[in-house]
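Please open the model in a viewer and keep the selection panel at hand.

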Amino acid sequence: MTRGPSDGGQQGADALHGDMDATTAPHRIPPEMPQYGEANHVFELMQNMLEQLLIHQPKDPIPFMIDHLQRDNDYVPKIVILGPPASGKTTIAMWLGKHLNSSLLSVESLIAQEYSSLAADARRHYQKFQTLPNTLLVRLVQERLREEDCVRRGWILDGIPETREQALMIQTLGISPRHVIVLSAPDTVLIERNLGKRIDPQTGEIYHTTFDWPPESEIQNRLIVPAGVSEGETARRLLEYHRDIVRILPSYPKILKVIPADQPCVDVFCQVCCGQLLKEAMADKSKYGEMIRPFFEKEMAVPDNIIMKVLRQRLDQQDCVERGWVLHGFPRDRDQARLMDGLGYKPNRVFFLNVPFDSIIERLTLRRTDPVTGERYHLMYKPPPTTEIQARLLQSPKDSEEQIKLRTDLFYRNSAELEEFYGRAITLNGDQDPYTVFEYIESGIINPLPKKVP
């Protein structure tokens, strides 16, 4: 009996997938397809076009799509930042506006427009009632977003919408943010922040008597206490905010990101750490684990070719193929970067965090571990709660100042070549509040990468 090619192919498929049919079998997408889609923004283009068609429902879709494509503003930043009083949303919004070269819109800036009759009506109403009707505020937003700078460079809404009614009215007008960021922190922390808040009347910059005091005496002398920062007033505003925000959040189910404003937020994607991968490979007693073990036992560096085999095995797994991957601390030098590139693992975003050496020393040399509980402490930022715990804390030998200096010198020797290899890498200041750094990284991860418009 002979077996034809078609029979063999079918039986081979059955043997491979068992009883799976075409809808349940795992699908391998050729890497060239997502690379083309990423490079040419195909996925975002189709999604944005479908969204606009469903929102506006034009009678003739073809001219509408042509006009929409000619505006060419699908990829500009469109961001909403919400948060309770003293959460830092205005500071974050101003910072994002500067770095993305986008227009910042707040209630104050909307009613301050000089050449708008609508803004003049809003000013009169605001001066009298200290608030704006929903319809008036939404009309102000709509009018402002039609202006050239918002169309070409994008926009950031600071504290808008304030209520669910406003959110629904904005959506009805077809105004769709790409990202909605909500800052969160305990009320006790927010009240403490608000009491120390100060504002520079010349620049609008916000400072704090404890956490962010300007070094220049000239700026210190002109700072003023903003209205509404008393403890009672802050508590009243917080109560109002909590009442409204729980009704706003369901309006943005897929584009919402809640960020703790008083602690780092690092779990953005499924992260892949090469050091952890090597330890897992060794623990699994795989063939690579047996190759790695002698290097770990002798505390020697694992050769690049072995690292790449372990990494390749992990990045080829289904979750990385379908959902993507994040590497931190790898590649460490240009040789490793070239090996990755040669195997076809090309990151579409690369970030370098710059931190002054003094800050590195402060962060690492003061780290301690409790050998009894395994809890980690920091003598400055997270001190132990009792003297008994403090007395038994241990410092890792890797956290000595000498070891840190050696590791830092090695990093900076290699980073220059890595930055040259990854020409489109983004370098940012890592010596900032964790949520500020996180927001900047997230803005760079947004597909496609927001472009600055001169």
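Predicted model: local features only at pLDDT ≥ 70, side-chain atom pairs only at ≥ 80, totals over all residues.

Which residues are buried in H16? Select helix H16 (residues 304–315): Ile 306, Ile 307, Met 308, Val 310, Leu 311, Arg 314 and Leu 315 are buried there, where buried means under 20% relative accessible area, exposed over 50% and partly exposed in between, with a 1.4 Å probe and protein chains only. Helices (H or I, at least four residues) and strands (E, at least two) are DSSP runs numbered from the N terminus. The twelve residues of H16 should span 16 Å at 1.5 Å a residue, and the end C-alpha atoms are 16 Å apart, which agrees; the expected span is 1.5 Å times one less than the number of residues.

Residues are numbered from 1 along each chain as its sequence is written, and side-chain values use heavy atoms, with hydrogens and water left out.

Next, select helix H7 (residues 117–129). Its 13 residues should span 18 Å at 1.5 Å a residue, and the end C-alpha atoms are 19 Å apart, in agreement. Leu 118, Ala 119, Ala 120 and Ala 122 are buried in H7. The buried residues of H7 pack against helix H6 (107–111) and H8, contact being defined as heavy atoms within 4.5 Å.

Show side chains at the crossing: Asn 134, Thr 135, Leu 137 and Val 138 of H8 meet Glu 165, Gln 166, Met 169 and Ile 170 of H10. By class, this contact has four nonpolar, three polar and one charged residues (Ala, Val, Leu, Ile, Met, Phe, Trp, Tyr, Cys and Pro count as nonpolar, Asp, Glu, Lys and Arg as charged, and the others, Gly among them, as polar).

Move on to H18 (residues 334–342) and H21 (residues 401–421), which pack at about 30° with their axes 9 Å apart. H18 and H21 are therefore roughly parallel. Arg 334, Ala 337, Arg 338 and Asp 341 of H18 make the contact with Glu 417, Leu 418, Glu 420 and Phe 421 of H21. Three of these residues are nonpolar, none polar and five charged.

Asp 399 lies in the loop between helix H20 (387–392) and H21. Asp 399 is buried, at 5% relative accessible area, and touches Leu 364, Thr 365, Arg 367 and Ile 404, residues up to four places away in sequence not being counted.

Ser 103 is found in strand S2 (residues 103–105) and is buried, at 5%. Among its contacts are Arg 144, Asp 149 and Trp 155.

Finally, centre on Gly 83, in the loop between strand S1 (78–82) and helix H5 (89–100). Gly 83 counts as buried at 7% relative accessibility. The C-alpha atoms of Gly 83 and Ile 160 are separated by 9.9 Å, at 77 residues apart along the chain.

Definitions and conventions. Axes fitted to C-alpha atoms, helices over the stretch in contact; angles between N-to-C directions. Parallel < 35°, antiparallel > 145°, perpendicular 65-115°, else oblique.
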